[in-house]
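Work through the exercises below with the model open beside you. Try each task before reading its solution.

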Amino acid sequence: MSIWCDENTRLLVQNITGRTGRFHTAAMIADGTKIVAGSAPGKAGQQVEGVPVWNTVAEAVAETDANASIIFVPAPGGADALLEAAHAGVELIVVITEGVPTLDMVRSLPVARDLGARVIGPNCPGIVSPGKCKIGIMPYYIHQPGTVGVISRSGTLTYEAVDQLTKLGLGQSTCLGIGGDPVIGSPFVDVLTAFEDDPDTSAVLMIGEIGGSAEEAAAAFVADEMTKPVAAFIAGQTAPPGKRMGHAGAIIAGGKGTAADKIAALREAGIVVAESPADMGTAMKQAIDQGK
Amino acid sequence: MKIHEFQAKEILRSFGVAIPKGGAAATGAEAEAVARGVIAETGSETVVVKAQIHAGGRGKGRFASDPDLGGVQVVQGAAAAGQMAERMIGEVLVTHQTGPEGKQVGRVLIEQGIDIARELYVGMVLDRAQGRVAIMASTEGGTEIEEVAARAPEKILRAIIDPCFGYTPYLARQLAYGLGLEGQTAKAATAFMGALARAYQDLDFSLAEINPLVITADGDVLALDAKVNLDSNAEFRHPDLAALRDESEEDPSELEGKKWGLSFIKLDGSIGCMVNGAGLAMSTMDIIKQAGGEPANFLDVGGGAKADQVAAAFKIITADPSVKGIFINIFGGIMRCDTLAEGVVAASREVGLEVPLVVRLEGTKVEEGRRILADAGLDLVAAIDMADGARKIVELTQ
């Protein structure tokens with residue numbers, strides 16, 4: 001198994017006719033994902049990489065039974081695209097878009113959740129269950145099927161972590177980037193819950209960064225609820241306070257959200273924390289060797 | 001995006017938030033004219049002159065050139081206001097939030113003097129854990145809220161705005177009566193918070209702080225200070241607010257980065273970094289520090305950077321005289337290593353490469369990228385992974 005996406009995922013691409021949408025549609029198909037439909041207003045009847053395009057998500061879902069969607073819609077329409085997919089009954093919605101206004105996410109996420117949708121992102125690289133399905137923009141070749149679950153607030157730092165795991169012979173069940181924004185669809189705790197329940201995930205590598213308190217919440221969850229070994233890394237140990245470090249959510253505000261606080265909370269919970277980003281893979285190996 | 005107090009107050013006033021009478025001035029003469037108007041309106045000679053910079057602690061801060069002078073002064077009469085403005089404008093104010101270099105004052109805000117009976121705090125902020133906006137209120141006005149949160153968290157009352165319905169008045173009533181306000185003052189405070197919440201929602205604020213919110217001797221409720229940050233991601237909805245950006249408050253290299261769509265932050269060290277992705281960029285800083293070096297900047301060239309953006313990034317880094325070496329750390333996903341290599345080659349041909357360069361490339365089109373760098377004959381050191389790269393650049397710059 002794996003979490004949230006697998007060989008039964010039937011993917012829809014929103015804004016499939018845009019430059020990024022086209023590029024990643026081709027890449028995801030090459031990586032083995034079953035893409036059944038695309039949407040783009042005014043482009044009904046076209047095909048992208050052999051995938052049929054509809055004007056609306058509702059039509060595309062009605063015609064193809066798509067059960068997951070990936071959003072490449074520019075930021076001003078990000079929340080609109082999310083709501084369109086959720087109202088069409090899509091179960092898993094991955095919002096790749098960076099730069100969606102915070103209040104748009106504040107307002108749209110509860111609606112999407114009430115409609116039963118699982119949302120990943122925004123501002124994320126997506127989700128991949130190696131050997132089964134990729135809904136995202138990550139380089140697929142670095143992955144290897146296996147039993148380590150990977151969760152991260154970052155994009156390229158996740159690739160770095162996955163690359164280290166694969167080189168150590170530690171394959172992955174599912175890897176996902178939850179997004180670098182302050183308000184996201186699936187915080188660490190949701191993903192940890194899913195990994196704990198997934199029989200094919202044996203251990204979890206979690207990559208956090210400065211800002212907010214999601215890592216502290218995750219640490220408490222790991223201590224209280226998880227039986228599987230967990231390793232972690234926190235980016236931004238040298239980040240200055242008050243500055244937004246690229247991600248909208250990566251900011252130390254009012255002395256809160258420092259890497260030091262997060263690392264302390266994670267260690268307190270018995271999690272193996274890598275000091276250096278070069279040691280994320282070995283930290284996971286160490287956590288697996290010592291067991292929970 | 002940060003804006004000045006006088007800008008925040010003008011915006012809030014337009015939403016019906018109660019603000020002291022006054023206005024901004026960029027010269028002593030302007031300040032005197034504004035003060036004359038305020039005095040005519042209020043009948044009181046007491047006016048306040050407040051230095052406008054993007055940092056808190058102005059009252060306790062001191063001018064570098066005038067160490068007895070703080071950034072907020074009460075004076076009598078329009079002529080005195082004009083003279084005080086002249087002492088402040090163009091000078092550097094140092095507060096606990098500016099760092100020792102301080103910030104130059106471009107404008108002052110002239111306001112009526114207020115007869116303060118009580119100081120409260122009202123703020124609005126995103127509660128990240130809940131993904132909702134919270135209104136916070138406290139009786140501990142005039143003190144930094146982080147300090148109150150650490151010392152007496154029970155003194156901060158919170159009301160969470162329903163994300164789907166938006167603000168509704170009972171939230172403010174709970175806070176106003178919770179603070180112990182009564183009668184007309186409680187009603188005025190409720191109206192005040194309602195107007196603030198509407199401004200926050202309609203204009204996509206990311207932070208609003210009224211500290212202090214004052215109750216006057218007459219029982220009126222007024223925003224004595226106002227701090228507002230705007231959500232940069234929502235700029236497209238409010239093109240008029242973009243004009244409030246004060247570029248003189250920002251680092252020139254950071255502005256140049258923004259112009260090119262790069263996320264660049266200037267730091268104090270000597271090793272320039274070029275990385276794709278915010279998380280990897282932060283970790284690259286971390287690993288440089290662990291190897292014994294100090295990063296000169298944070299730079300995320302982004303996912304889909306083109307060769308000209310990479311070249312611009314390279315020029316921004318090399319333009320910094322404190323940079324003694326450069327570490328390029330790329331894990332290509334959408335970003336292709338060949339694009340990165342083309343940008344670096346083009347920029348180094350244009351501006352020259354006078355410091356050591358260590359390059360670590362991995363991911364999409366990595367072989368092509370390495371070949372482009374090798375063929376260009378650049379004097380660079382290749383790294384096999386990020387730890388190796390950090391070690392090498394630190395060695396080369398020591």
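## Exercise 1: Two helices of chain A

Helix H6(A) passes H7(A) in a right-handed crossing; a crossing is right-handed if the near helix is turned clockwise from the far one by less than a right angle, and left-handed if anticlockwise. The model is predicted: local features need pLDDT of at least 70, side-chain atom pairs count only at pLDDT 80 or more, and totals for chains, interfaces and linings use all residues. Residues are numbered from 1 along each chain as its sequence is written, while chains are lettered from A and ligands numbered from 1 in the order in which they are written.

Task: describe how H6(A) and H7(A) pack.

Solution. 
- Step 1. Locate the helices: H6 covers residues 188-197 of chain A, and H7 covers residues 214-225 of chain A. Helices (H or I, at least four residues) and strands (E, at least two) are DSSP runs, numbered from the N terminus.
- Step 2. Take the geometry. The angle is about 30°, and the axes lie 9 Å apart. Axes are lines fitted to C-alpha atoms, for helices over the stretch in contact, and angles run from 0 to 180 degrees between N-to-C directions.
- Step 3. Classify the angle. H6(A) and H7(A) are therefore roughly parallel (angles under 35 degrees).
- Step 4. List the partners. A:Phe188, A:Val189, A:Leu192 and A:Glu196 of H6(A) meet residues of H7(A), among them A:Ala214, A:Phe221 and A:Glu225. Contact needs C-beta atoms, placed from the backbone, within 7 Å.
- Step 5. Sort by class. The contact has 8 nonpolar, no polar and 3 charged residues. Ala, Val, Leu, Ile, Met, Phe, Trp, Tyr, Cys and Pro count as nonpolar, Asp, Glu, Lys and Arg as charged, and the others, Gly among them, as polar.

## Exercise 2: Where the chains meet

Task: which element gives the most to the side of chain A that touches chain B?

Solution. 
- Step 1. Count the contact: 50 residues of chain A and 46 residues of chain B.
- Step 2. Find the elements giving two or more residues: H4 (102-114), H5 (156-167) and strand E12 (203-209) of chain A.
- Step 3. H4(A) gives the most, with 7 residues.
- Step 4. By class, this side of chain A has 27 nonpolar, 17 polar and 6 charged residues.

## Exercise 3: One residue of chain B

Task: is B:Ile265 buried or exposed?

Solution. 
- Step 1. B:Ile265 has 21 C-beta neighbours inside 10 Å, so the residue counts as buried (20 or more; exposed is 12 or fewer, partly exposed in between).
- Step 2. Beyond four places in sequence, B:Ile265 touches residues including A:Lys243, A:Met245 and B:Phe298.

Definitions and conventions:
Two residues are in contact if their C-beta atoms, placed from the backbone, lie within 7 Å. Angles under 35 degrees count as roughly parallel, over 145 as roughly antiparallel, 65 to 115 as roughly perpendicular and the rest as oblique.
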